[in-house]
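Reader: I am new to this structure and would like to go through it step by step. Could you take my questions in turn and show how each answer is reached?

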Amino acid sequence: MRTWKTLVLALFWIIGSSSGFLAACAPSPKQVHSSNITYTLTLLDPSQQAVLVRARFQGLQQGALSLAMIRRWGSYEKLDDQLEWLKIRSGKIDITNQSQYPAETQGPDVLLWTVQIPKEGTLEIEYKVHLSGQDGNVPSRIQTDYALLLMRSLTIFPSKWLKHLNERFENQVVVRIASPTQWPVFSSWPITPQGDAFLPQTPLHLLQGSIILGNWQGFELDDGDFYVRILYPSAISGDYAERQATKLAHGLLALYRFFDVPPDPFQGANFLMAITLTEPSVKESSSDSLLNTVLISTPPDHLASIEQTAMFEAVHLWTSGALRMVPPWEASPPAMQRWLSLGWTDYLAWRVLKETGRISSIQYWNHIRGLVYTLEKEPQVAAQPLFQVLQEASQGTATAKAHLAALLLDHHLRTKSSSSLQGILCYLLQEYSYFKTGHLLTEKEVRQAIAHFAGETCVEAYTALLQGKLFLQEIPELAGPPVGETQTAFTPDGVRLFYQWIDGPAQRAAIYLSDGPGLVPYDWMYTMAQTLKDHFDIAYLEQRGVGRSVVPGPGVYSVDAFINDIDVVREGLGTKRLTLIGHGWGGYCALAYAARYPERIDTLILLDPIPSFPRVLEANLALLSSTSRGVKTQPVAQRIHTYQEFSQLVQELVQKGAYGSDLQAAHQKLELAYAHYVKISLLPAGLSLQNTDILPTIIARDRLFEYDLLPELGAAQFPVLILHGEKNR
């Protein structure tokens, strides 16, 4: 214990107190709440990182009063270490330097003192709080252009408040701010009629409130019963900040309408959101949601993705701020509270983003599939009961399982009844809001709400989810062949390549290269993904100019570019050696890559590969000759020079049935696979299934019909499997 604490504590002992006298003479909660209390906060110079606080208590009864300071709030401990010194002033008494009295700790983790109230019923205390300690992910601090203060570490208060956190102050507790820089002051608390101070409504509002000062810029939205103010520090560009703030404000309005009830019934839909900046090296993080205030800290280069973080924190106001299963000072919340925090919050935040059009269905379901992928990498953890995962697993795995469990619960509620997770949550908020009732929510009450709205069948599904069972195939978008994660890679010439990464247990990386050039890999992925999943981790690549891997023009098509793209994806997969599965044109690319980088090949699997375009032309001319009596073929160089001539040759062979396959049926299979992936929101509707510009460009640029690849291929130092059709030439 610090020396100053022992000195200050001795003061209270000399003033006179004992535990028995405290119990007999302490004012009742009504008496404490009916007193007039004014907190005046004075900011010091930013270099000092400190705040002076003077608290004046009036209208108290003479006798002993127990004062408290929060030491722990949630996961943040030793908040009282920020207290540098404290002086007690009561009437004419001014005693600041006595000794020897130990602090008590009981119930909530608070520092307790006992003081004597003089007969005039007035007590004044003054203390200095240093802000060097990290009070949460967004610490209380003073910068050169703004200050952020979290009241839980700045307030010394009557300890009786802790048993009556929701009892109304009736506007008799006032918070004033004195800033030497004359900064504007913001808070979600109501303002006095004179506009010179704030009026927290309950002890909880005071202790969990926040005050923001400084030269902020931002946006206000007032939609009748909804009001929000978004604040950005002046370091962010004004136009950009206004656009972002406008977007966030309308997002919060959509969120309020989604729930149709404010998180705090006393404050209503009155929101304050502040975006603070951290160093670029610091990862994006966010703070506790404080009543109707959302505080978010982000590096400047993460501002573009701030909306998802903001929406998550805003949903957190409802799911974990208003619905609580533990007191706010509890360090280790139960697993059910964590499901509300991680599962319900994450799921509902993403659902709101999707339903309000802020993200597309494809983005939403790609996120969901990413969570499935996270669990698939840890099958043992995935099979554990949900609450065990929430208590023991890593944050990523716990969030993934909790989110998917919430998704499945919502699916059951929607399909088996007329309710939804949104409806259940709104009911719980109306009946069990911690700000409204002061009571903690129990798991039994959650089950009762589900039974009331959806019946016992959904309660059984709820129980199964808690046991760890995830029936993902019940969700149409997650049923059918595996689709894995959508990944992207950027090439040196600025092309964004898309591929579906389907992970399996074999730990052997592979890339599938489709036929063409210009054809998509969806038909092979649709028919073979499940079969190959146990043998390879496969990237089904949409090659440049194909599917989602669009390019600005035909000038970026060349054999070298396609080979380099393979290496870009390989590096993105983090593997030194890989398997290439090449079909037709993809087989040609695989052979060309193997000729250039044999040390990077683990295995080649070639499906009807094109080993050399000059030899393919010879084989096709021979095939035409065998199906056309009396027609003599000419040498390749004299007969086939251009893409148009090659296309005419292929059309003649197709008309004669020389390939021995139903090309129309093959195209129908491709369309069937594409339709499936569009239906499950993996691919956008309207993608071209073939880019006919690629082959003529490469033929003209790389003189493809004159270049023979085979002489460059030496004896393979790795396994090669070649599969070909009976009529393949």
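Reader: To begin with, how many disulfides does the count come to?

Author: The model is a predicted one, and a disulfide is counted where a pair of cysteine sulfur atoms lies within 2.5 Å. Cys 458, at 0% relative accessibility, is buried, and Cys 589, at 1%, is buried as well. By the distance rule, the number of disulfides comes to zero.

Reader: In strand E13, which residue is the bridge partner of Leu 149?

Author: Strands E8, E9, E13 and E12 form an open sheet in that order, with antiparallel pairing, and its edge strands, E8 (141-142) and E12 (185-186), each pair on one side only. Within this sheet, E9 (residues 146-150) and E13 (residues 210-214) pair over five bridges in the antiparallel sense. The bridge partner of Leu 149 in E13 is Ile 211.

Reader: Why is one side of strand E6 and of strand E10 left without a neighbour in the sheet?

Author: These strands belong to an open sheet of three, in the order E6-E3-E10, with antiparallel pairing. E6 (110-117) and E10 (156-158) stand at the edges of the sheet, so one side of each has no neighbour there, and each has a single partner strand.

Reader: In E10, which residue is the bridge partner of Leu 67?

Author: Strand E3 (residues 63-70) pairs with E10 in the antiparallel sense, over three bridges. For Leu 67, the bridge partner in E10 is Pro 158.

Reader: In which sense do strands E16 and E18 pair, parallel or antiparallel?

Author: Strand E18 (residues 293-298) is mostly covered, as six of its six residues are buried. On one side these are Thr 293, Leu 295 and Ser 297, and on the other Val 294, Ile 296 and Thr 298, and both faces are covered. In E18, Ile 296 is the bridge partner of Ile 275. Strand E16 (residues 269-277) and E18 pair over six bridges, and the sense is parallel.

Reader: Which residue in the turn between E19 and E20 has a positive phi?

Author: Strand E19 (residues 485-490) and strand E20 (residues 496-502) pair over six bridges in the antiparallel sense, and Ala 489 has Leu 497 in E20 as its bridge partner. The two strands form a hairpin with five residues between them. The turn residue with a positive phi, of about 90°, is Gly 494.

Reader: Which backbone nitrogen does the side chain of Asp 537 reach?

Author: Asp 537 lies in strand E22 (residues 537-542), and it counts as buried because its relative accessibility is 5%, where buried means under 20%. Although Asp 537 and Arg 508 are 29 residues apart in sequence, their C-alpha atoms are 5.7 Å apart in space. Leaving out residues up to four places away in sequence, Asp 537 touches Trp 501, Ile 502, Asp 503 and Gly 504, among others. Its side chain reaches, at 2.5 Å, the backbone nitrogen of Gly 504.

Reader: Is Ser 514 buried or exposed?

Author: Ser 514 is placed in the loop between strand E21 (509-513) and helix H16 (522-533). Beyond its neighbours within four places in sequence, its contacts include Leu 519, Val 520, His 583 and Trp 585. With a relative accessible area of 1%, Ser 514 is buried.

Reader: And is Ser 419 buried or exposed?

Author: The loop between helix H11 (395-416) and helix H12 (421-432) holds Ser 419. Not counting residues up to four places away in sequence, Ser 419 touches Leu 413, Arg 414, Ile 424 and Phe 453. Because its relative accessibility is 9%, Ser 419 counts as buried.

Notes
Residues numbered from 1 in each chain as written. Predicted model: local features only at pLDDT ≥ 70, side-chain atom pairs only at ≥ 80, totals over all residues. Heavy atoms only, no water. Pairing = 2+ DSSP bridges. Helix = DSSP H or I, 4+ residues; strand = E, 2+ residues; numbered from the N terminus. Buried < 20%, exposed > 50% of the residue type's maximum accessible area, 1.4 Å probe, protein only. Contact = heavy atoms within 4.5 Å. Polar contact = N/O pair within 3.5 Å; in protein donor to acceptor, adjacent residues only side chain to side chain.
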